[in-house]
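Hi everyone, thanks for coming. Let's take a look at this one together.

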Amino acid sequence: MAYLRGERQQTNLFPASLEEYVGSEDPVRVYDAFVDQLDFQELGLVLNDQQIGPPEFDPPAMLKLLVYGYAYGIRSSRKLERALYHNVSFMWLMGGLKPDHKTIARFRRDHREALKGVLKQCVRLCLKLGLIEGNTLFVDGTKIRANAGMRESWSAERCERVLKEAGARIEQILRECDTVDAAEEAKDSLVRVPGDLAEAKTLREKVKAIYKELQGSSKPVFNTTDPDCRHVQGRQGTHAGYNVQSVVDDKNGLIVQSDVVSDVNDRHQLENQTRQANAVLGKPCQTVCADAGYDHNRDWKEVEEQGIAVIVRPNDQGTPGPFTKDKFRYDAARDCYVCPVGNLLTYRSTDATTHHRKYSITTAKLCRSCVHLRACTKSHTGRQITRAPFEEIRKTVQDRYESAGGQVIYARRQSKVEHPFGHIKRNLGVQAFLLRRFAGVRAEAALFSTCFNISRMMTLVEVGTLLPKLRMS
């Protein structure tokens, strides 16, 4: 025969139970064993077989469904429901249970806090298995779209413009009404006055409420679909989204901490994420490393005061040269800078917004008569320097970053901390969150991170070796 062809009418003898369809070292057994060893009381999931009321689906089974589904990029509640009818591994995992998509979506929505806690217990398990050390941590962030569109984002300028247009539209409708009534008293009006007028007034009231919300908050933009999201700049342009933060351990690249913030950049996140990661680990790390996006003096100082070494690539201070800022010596006793030729730059003022202190030459004549005038400054008022708060920490961090040991650690940063983001975005296909508000997106981020850790665990430890360890934990 030239081809092998199937026969749908062939009588087959199938195995007697679902257990026989799943191999002894099938990955689904790892997810099953992982969820079984979780502390559900700590997660806030109360298991009570004697509870009164209609029966509900087993919470551990529902949690297994979500974790396993997310691990293979199946997040939609409808797709999860479909998998329960067509995918043998899902059938085995659920023991034949088939909750509908509304039940799955409701369980995920009602237990967002529990889903966040799964990652913490996963990290503790990795510590117990010796897969996480917690000595050197890498911090990074990425942007993920929110479950909201840009059309529902409102700024103060847009509110004012729409309010003006709505007011003009209402006046126009009323004028049209008066004109038609005067011309054709006995005939029906062709102008849909009640409907158009009600629509314009509804829009005006909606925008007024949004404008009031904007004035009462520090946000420049308010999204009516997901009020917690912000306009973030990603590789695909500007969109409504969140800044997802991840803290990764150096030993095996496992995620220790995940968080979602609305900050459009990473500048103020180093101390916050390091503190949360240390709380999960139960001990302070020795070193924390991040890229130039985390260049923030106050955060560096707060982390260093905890006895943790900071390795961050400082932002460039300008083109290297003999008269860049680093060539000016700061005299803390006199609170002034000394330029390379010995002239003083004294304190003048402090910026009310950034709190940067400004220093300038004592008299402009010194700069104008200096042989290095053009190389140092082109200003007719002489050279000026700004000093950010806690700038004394910059030299410590920069020297550590430029040291041989610092360069070795920083070189590992990208391969460690970018790997989880690549897995989540490419392998799992996560381009946007399904849930809204901070509680929802943080729960999803914790699920992504947990799934990455379990997948990584199966790479580091064979399934056959890992399963007994999970069942014994």
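Predicted model: local features only at pLDDT ≥ 70, side-chain atom pairs only at ≥ 80, totals over all residues.

Okay, salt bridges. Side chains of opposite charge can pair when their charged atoms come close. In this model the count comes to 20 salt bridges.

Let's start with Glu444 and Arg75. Their closest N and O atoms are 3.1 Å apart. Glu444 sits in helix H16, while Arg75 is in the loop between helix H3 and helix H4, so this pair ties together parts that are 369 residues apart in sequence. Are these two buried or exposed? Glu444 has 1% relative accessibility, so it counts as buried. Arg75, at 10%, counts as buried too.

Next up, Asp335 and Arg357, which meet in a salt bridge at 2.5 Å, N to O. This pair links distant parts of the chain, 22 residues apart: Asp335 is in the loop between strand E9 and strand E10, and Arg357 is in strand E12. Asp335 is partly exposed, at 22%, and Arg357 is partly exposed, at 27%.

Now for Asp399 and Lys395, a salt bridge with the closest N and O atoms 3.3 Å apart. They're four residues apart in helix H14, so about one helical turn separates them. Lys395 is exposed, with a relative accessible area of 57%, and Asp399 is partly exposed at 38%. Some salt bridges share partners, too: that's how Asp32, Asp36 and Lys64 join into one network.

Last, the surface. Phe14, Leu18, Tyr21 and Val88 form a nonpolar patch there, with about 350 Å² of accessible area together. Tyr21 is in the segment before helix H1, and it's partly exposed, at 37%.

Technical notes:
Residues numbered from 1 in each chain as written. Heavy atoms only, no water. Patch = residues over 30% accessible without salt bridge, like charges linked within 9 Å, V, L, I, M, F, W, Y side chains within 5 Å. Areas by Shrake-Rupley, 256 points an atom, 1.4 Å probe, with all protein chains shown as cover. Salt bridge = Lys/Arg side-chain N within 4 Å of Asp/Glu carboxyl O. Helix = DSSP H or I, 4+ residues; strand = E, 2+ residues; numbered from the N terminus. Buried < 20%, exposed > 50% of the residue type's maximum accessible area, 1.4 Å probe, protein only.
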